[in-house]
There are 2 protein chains.
Amino acid sequence: MTDEQELGITKSKSHETGEWYAEVVQKAGLADYGPDGMSGFIITRPRAYALWEAVQSYLDSRFKQTGVQNAYFPLFIPKSYLEREKDIVEGFDPEVAWVDRAGRNELEEPLAVRPTSESIIAPYLAQWIRSYRDLPLRVNQWTSVVRWEATETKPFFRTKEFLWQEGHTAHRSRPSARQEMMRRLDQYVDTYEDLLAIPVLRGAKPEHDKFPGAETTTTVEALMPDGKSVQGATSHYLGTGFAEAFDITYTDENEINQPTHTTSWGLSWRALGALIMTHSDEQGLVLPPTIAPTQAVIVPIWQSETKAAVLEYAGEIEETLAAADVSVHLDDRDDRNPGFKYNEWELRGVPLRIEIGPNEAGEKTVTLVHRPDGESEMASRENLVSEVTTAFDRIYAKLYAAAEETLNSNVRQAMSRDELLGTIGRHGGYVQTPWCGEEACETAIKDEIAAEIVMVPLEEEGIHHGHSCAICDNPATKTAYFAKSYWNTASIIILHCR
Amino acid sequence: MTDEQELGITKSKSHETGEWYAEVVQKAGLADYGPDGMSGFIITRPRAYALWEAVQSYLDSRFKQTGVQNAYFPLFIPKSYLEREKDIVEGFDPEVAWVDRAGRNELEEPLAVRPTSESIIAPYLAQWIRSYRDLPLRVNQWTSVVRWEATETKPFFRTKEFLWQEGHTAHRSRPSARQEMMRRLDQYVDTYEDLLAIPVLRGAKPEHDKFPGAETTTTVEALMPDGKSVQGATSHYLGTGFAEAFDITYTDENEINQPTHTTSWGLSWRALGALIMTHSDEQGLVLPPTIAPTQAVIVPIWQSETKAAVLEYAGEIEETLAAADVSVHLDDRDDRNPGFKYNEWELRGVPLRIEIGPNEAGEKTVTLVHRPDGESEMASRENLVSEVTTAFDRIYAKLYAAAEETLNSNVRQAMSRDELLGTIGRHGGYVQTPWCGEEACETAIKDEIAAEIVMVPLEEEGIHHGHSCAICDNPATKTAYFAKSYWNTASIIILHCR
């Protein structure tokens, strides 16, 4: 196999989306599959880990600006702790990996590898919180968690171990806790829209699909190019139920013991899956400049007699951009021709290529080529930094606009069961429909076409007013957003399920 | 128990160092012990996790400036992978925690919870490296690892799960790999000396105490206040042995297959243990301003008639400092008196207290009180930022000087076995002694007084020239640094042992 063949993406994004995605992940050097005996695990290579670091850095600084502190709780959770939680909530036992022996001994009590950390965090919150002075208390941790799911692996979207953050907060009042839930949801929306260039919908899960124990589960939903919805992050208001079960109480100013109102919220590396899938194409990875580890690559084009002048000028350009905090790389390899370099950097998703040949060196210009669409423009040495920055903004805007166009043209309406089934079947995307609020009506659709209600609007807005449920004809109380999603209801709450 | 009693440290640093340390860790809110059934694990509370984040941020930015990329490898390692490694190296099997069942099934092959990641990283390095163009290759990961040690827990110094980074690199040549080993060692030294204010010794481990498989193991050693040495971090040059075992090879310019020269290096949260133990005192935690999450706390002192003016002025001071990137907190709690606040912030290790009463408000001054020694000085509003910055520098210098004084006055020499035993027995600290290089001579001392050779100088320097071994009288070839250490030889290589 020649280098060129090895580099190329061979699958079609529109017709073989899954295979195309897997090929981009592997050929762009983002992740490898785990070793034999560890199917469902991936090796996160530096190019992908740098993307996760960018998400962490973006979100973590916003968390800290809004009162969140990071902590670290153990990787293991005693079985009895999980069982204490099971009294409140059931359902994730089958996904747990267990440690029964360590050192040379059988353990007295099996330890779960954390699938989520509520059950070990809660007892410590209960210890740390004594009086109203300790509230609100907000802790977050960035860790990996393990869920032994049997279904097929898709790097970043679905793996047995995944990286995420989980935040847990306790408050004096319902308004304070609900505000917290919404603040975190907003920060997740910003992460998708301002960092990843992916417009999203925000909404609430229907009653029957909430995080178990939650009073409200809010969600960020992103539309993938194949018309399916991905749950991008969730934020829950847990009422006082969780606090009552775990004794997370405080004494108020009158020395009276009160339960706290708690929230939890999480975002996983599934965000990277959405990023890769949304923007990339059949030349490989596409990244917005906001998150690209290398924002611009300089490819010099020389003949032997022009090499010295071209490289010297290219070096100056690199220096100027680096001094302005542009993450730039000068590809001065001798043993690769420019065409090879173009392909390689396109595959790897560098947003902007800067071509420099003898003409550019002579005229003190550069040629800027946008990764997403190949648009090329001349820029002057003199205004280099501002022209490059403008190019970044334009590239970001193009990616966002394309994703927005896809989203907007894929929110449709259906006022009857047949219309709903037909629209989802033909187009995918989201279908707004008047809904009575009963799970049975969702089940009826799900059984026929494997679409489900991914969200309802957070406010009273919607198309249901004055209409009857599209499925059962009873009065509609909500507007449901039906969509096919990457996983069914049981697993769609992977970010926070139990 | 009143708040005051609960806050106070009751143990003596000099006479009950271990108990005092445990008390500081718990009362300063750094860590809690794990739940029942999980002895040996700790809960890392936000105040301690912020310290770890500071270490990460310091070291990670230096790693990245010098060509290191972060990656993430799975938490689990198949048994057969560990066994492949065992052909090279033996010894950490007894410390491994095993997953035998997950989901509803017994696993076909047991999975180890990673005790260190060489055996899963190496096969991927072997895949990723094809030609000389791919070298040097440097990957690092920040994770937790699990070692099921039976001995007593000491938060940050010795826990069954601990946070660390492990770096792995591959190079074309021995000089390039040895330079890498030294560069990482230097970065560890800088972390201790410039961030943690702990002067350290750097050296090599004796032949018989190297990281198994290593050609050279280098170490950073820090002296604790009770006269014992702590191994602060290690950096290894592994020669080509590891690469040969794992097939980490490259083709050179002549298309000839060559083994790479590899290194590995690690620093764990034991650095936090050394930090806490070195500087803290019987009022609680002491931190240098370089790492303190809160560098300065403003404590306003008012009577009812002066409250408004004092608080307004204190708010201005806070704003000025925050604008200058000083991490400052204004403690304006109504229900605590200044004395209580002083004690609490001292316990928590805030390096600088800024007292503001009616006098200060009237004269546009502040009173600065240094945490380590209570030194107090007046500073003007006008030069506030520069005076506070100077105070930080002076506090740092005091802490460093005290630790340096302890170190310098505890490096002694012994030219005979009796002198060696007597000096270590009486004073602790490091004893330089001429040594023949044989393990038997170390064992003879270890059997008698539980001291060992923690390092030998990296260069030929030392006191052995022209002398005979202090223990066996054969010609001395090296200068050995004997010391008691927190753990014996087997476990002192906890940072990188197998």
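**Exercise 1. Find which residues A:Trp20 touches, leaving out those up to four places away in sequence.**

Step 1. Start with the contact rule: two residues are in contact if their C-beta atoms, placed from the backbone, lie within 7 Å.

Step 2. By that rule, and not counting residues up to four places away in sequence, A:Trp20 touches A:Ile9, A:Lys11, A:Ser12 and A:Lys13.

Step 3. Keep in mind that you are working with a predicted model, where local features need pLDDT of at least 70, side-chain atom pairs count only at pLDDT 80 or more, and totals for chains, interfaces and linings use all residues. Residues are numbered from 1 along each chain as its sequence is written, while chains are lettered from A and ligands numbered from 1 in the order in which they are written.

Step 4. Now place the residue: A:Trp20 is found in helix α2 (residues 17-27) of chain A. Helices (H or I, at least four residues) and strands (E, at least two) are DSSP runs, numbered from the N terminus.

**Exercise 2. Decide whether A:Trp20 and A:Phe156 are buried or exposed.**

Step 1. The scale runs as follows: a residue is buried if 20 or more other C-beta atoms lie within 10 Å of its own, exposed if 12 or fewer, and partly exposed in between, with C-beta atoms placed from the backbone.

Step 2. A:Trp20 is buried, because 22 other C-beta atoms lie within 10 Å.

Step 3. A:Phe156 is buried too, because it has 27 other C-beta atoms within 10 Å. A:Phe156 sits in the loop between β7 and β8 (161-171) of chain A, and has a positive phi of about 75° although it is not a glycine.

Step 4. Finish with a whole helix: in α8 (residues 270-279) of chain A, ten of ten residues are buried. Among them are A:Leu272, A:Ile276 and A:His279.

**Exercise 3. Work out how strands β4, β5 and β6 of chain A are joined.**

Step 1. Two strands pair if DSSP finds at least two bridges between them.

Step 2. Strand β4 (residues 76-78) and strand β6 (residues 105-113) of chain A run antiparallel and are joined by three bridges. Here A:Ile77 stands opposite A:Ala112.

Step 3. Four bridges join β5(A) to β6(A), again antiparallel, and A:Arg101 stands opposite A:Glu106.

Step 4. Look at the turn: the hairpin of β5(A) and β6(A) has two residues between the strands, and A:Gly103 takes a positive phi near 60° there.

**Exercise 4. Which strand gives the most to the side of chain B that touches chain A?**

Step 1. Count the residues: the contact takes 45 from chain B and 45 from chain A.

Step 2. Strand β5 (residues 97-102) of chain B gives the most to its side, with six residues.

Step 3. Check the make-up of that side of chain B: 28 nonpolar, seven polar and ten charged residues. Ala, Val, Leu, Ile, Met, Phe, Trp, Tyr, Cys and Pro count as nonpolar, Asp, Glu, Lys and Arg as charged, and the others, Gly among them, as polar.

**Exercise 5. How are the two copies related?**

Step 1. Superpose the copies by least squares on the C-alpha atoms of residues with pLDDT of at least 70 in both. A rotation of 180° with 0.0 Å of shift along its axis puts chain B on chain A (RMSD 0.0 Å).

Step 2. The two copies are therefore related as by a two-fold rotation axis.

Step 3. Locate the axis: in chain B, the C-alpha nearest to it belongs to B:Val99, at 2.3 Å.

Step 4. Compare the surfaces: 100% of the interface residues of chain B are also interface residues in chain A, so the copies meet through the same surface.
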